[in-house]
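Dear colleague,

I am handing over the structure we spoke about, together with some notes on it. Please look through the sequence and the model first, and then read on.

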Amino acid sequence: MVFNIDFTGKAAISTGAASGMGLLFAQCFAESGGNVLMCDVNEEVLQEKVNEINQKGNGRAVGIVCDVRDYAQVCAARDRAVAEFGRIDVVCNFAGGTAVRVCKAKATYFPDVPIEIYDWGLDVNMRAQLYFGHAVMKQMCAQESGIIVNIGSITGAEADGLGVEYATAKSGVMHGLTKALAQCGAPHNVRCVCVSPGPVLTRPQMANMKTMLGRAADPQEIIDLVMYVISDYGAFINATNIMIDGGREGMQRIG
């Protein structure tokens, strides 16, 4: 990180936490003294990453297998966090991905993609973020504090003629869901903010996406922004979408 933040005594939930930015957030939060519940469907890899964090001896990590499409499992994750740490200060909804890529759809034309693939994408990319917001809101309101970080995407602004569900889900998360959760939590000092990356080098292919700055983001750049938003430094940021895309949204595309 590029700034000094202490999360000692704080507790976070990170989804998609066995890899990618969900893992990087968990590592950074624990390095800053915080405790983190790491949620993922890949139990073997998840436990390996939990052990690595705990061996460093800063904040504590606990892993739980959680399919974010299943509300009962989401609630079980919430309950585990409260049981382990006594509170939930942060939820970061990193789990997600374009369904046609993750589910290895062979079709290259929207009407030919099986609807079950789009159902998967809507569930993972939008329904899951609503589920976590719903599951933790009472706990955070009772604490009179907390922040939910939704993860959007430049695709929510640009759209995608094949990854239709991804664009739809991310757009809904970036605007409607984030503002609605913020309105619900505001009387109890519970914030909701969306962070929407452009291309990020979690996959090599992301380097091919154009930005004004001529590069994709390093994942740490995204996590540094998230860490700022959830800290006391970002305490006045609420009910908004923050685009971190190297200027991609503002690029001239034609002519």
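This is a predicted model: local features need pLDDT of at least 70, side-chain atom pairs count only at pLDDT 80 or more; totals for chains, interfaces and linings use all residues.

Residues are numbered from 1 along each chain as its sequence is written, and side-chain values use heavy atoms, with hydrogens and water left out.

The whole protein

The protein has eight helices and seven strands, where helices (H or I, at least four residues) and strands (E, at least two) are DSSP runs numbered from the N terminus. Its radius of gyration, taken over C-alpha atoms, is 17 Å, close to the 18 Å that the globule rule gives for 255 residues, so the protein is as compact as a globular protein of that length; the rule is 2.2 Å times the number of residues to the power 0.38. Along the principal axes, the C-alpha atoms fill a box of roughly 50 × 40 × 35 Å.

Buried residues make up 51% of the 255, with buried meaning under 20% relative accessible area, exposed over 50%, and partly exposed in between (1.4 Å probe, protein chains only). Of the contacts (heavy atoms within 4.5 Å) with a separation of 6 or more, 71% are between residues 24 or more positions apart.

Helix H1

For helix H1 (residues 20-31), the twelve residues should span 16 Å at 1.5 Å a residue, and the end C-alpha atoms are 17 Å apart, which agrees; the expected span is 1.5 Å times one less than the number of residues. H1 is mostly covered, since nine of its twelve residues are buried, among them Met-21, Leu-24 and Cys-28. The buried residues of H1 pack against several elements, including strand S1 (11-15), strand S4 (90-93) and helix H8 (219-230). Just after H1, Gly-33 takes a positive phi of about 100 degrees.

Phe-25 sits in helix H1 and counts as buried, at 0% relative accessibility. Leaving aside residues up to four places away in sequence, Phe-25 touches a set of residues that includes Ala-12, Ser-14, Val-90, Cys-92, Ile-223 and Met-227. Phe-25 and Val-36 are eleven residues apart in sequence, and their C-alpha atoms are 9.4 Å apart in space.

Residues in loops

Glu-144 lies in the loop between helix H5 (115-143) and strand S5 (146-151), and at 39% relative accessibility it counts as partly exposed. Not counting residues up to four places away in sequence, Glu-144 touches Pro-187, His-188 and Asn-189. The C-alpha atoms of Glu-144 and Asp-70, which are 74 residues apart along the chain, are separated by 27 Å.

Asn-189, one of the residues that Glu-144 touches, is found in the loop between helix H7 (164-185) and S6. Phi of Asn-189 is near 60 degrees, a positive value in a residue other than glycine.

Lys-104 likewise has a positive phi, near 55 degrees, and is a residue other than glycine. Lys-104 has its place in the loop between helix H4 (99-102) and H5, and it is exposed, with a relative accessible area of 67%.

With best wishes
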